[in-house]
Amino acid sequence: HFKGVRGVRGSAIDINAADAPTKIGELAATELGVVDIVICNLPANNEGPISDGDDEALTRLVSRKNDLVEGICQQLLPMMKSSPAGRIIVLGFNRSVFSKDGTDSYAKSEAAIAELTRRLAAETAEYGITANYIQLGAIMTPESRRVFNNDKELRDFCIQRSAAKRLGEPVDVAKVALFLATDDSVFVSGTGIVVDGGVASA
């Protein structure tokens, strides 16, 4: 992903391993020393789109995200305390993680991300660190492309649901993340920005 980008290096860690947060902390300590920005964009890794009523799958998905985000932030917080502008940005779940009949589950996942972020913001505020989240609409990532290719009905539903009448692109999210990562958002914390092109009226 970083090939050809000057001044950027990447490292690979198995995010599904039990010690992933510890490994990330150790790598950051070795390579960076001080951490300014943490963007938690973690994969869903669920078996298929989640429908309303599939509470077990939703709980498993949200719990995994919470555990990873909190574990990673706990490992990196000592290094963020030294930063003059610490930023935590949590990305919610792509709409493609949920089926056409999963609107309520999608809303519950956003509520869980919002609560997690508010907690992180309260816990880190004394160090001048902000924590915010980005709630994704239907963003055309490689994984969501696979989902939409297999489920054209879900793809069309997401397009019709959006007031912009299109699927989002990763750059649409990146621009919001950039705002939250800079001093332009210094007085914004514990809140979220929805990136879904707006919701069409019923």
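Helices here (H or I, at least four residues) are DSSP runs, numbered from the N terminus. You're looking at a predicted model, where local features need pLDDT of at least 70, side-chain atom pairs count only at pLDDT 80 or more, and totals for chains, interfaces and linings use all residues. Residues are numbered from 1 along each chain as its sequence is written, and side-chain values use heavy atoms, leaving out hydrogens and water.

Start by selecting helix H3, residues 103-124. Inside it, pick Glu-115 and Arg-118, three residues apart, or about one turn of the helix. Their side chains form a salt bridge at 3.3 Å, N to O (a side-chain nitrogen of Lys or Arg within 4 Å of a carboxyl oxygen of Asp or Glu). Arg-118 has a relative accessible area of 43%, so it is partly exposed (buried is under 20%, exposed over 50%, partly exposed in between, with a 1.4 Å probe and protein chains only). Glu-115, at 39%, is partly exposed too.

Next, jump to helix H2 and select Glu-56 and Arg-60, four residues apart. They make a salt bridge of 3.6 Å, N to O. Glu-56 counts as exposed because its relative accessibility is 59%.

Now grab Arg-166 and Asp-172, whose side chains meet in a salt bridge at 3.1 Å, N to O. Asp-172 is partly exposed at 22%, and Arg-166 is partly exposed at 42%. Across the whole structure, the search turns up nine salt bridges.

Last stop: Asp-55, which sits in helix H2, residues 55-80. Asp-55 is partly exposed, given its 44% relative accessibility.

Technical notes:
Helices (H or I, at least four residues) and strands (E, at least two) are DSSP runs, numbered from the N terminus.
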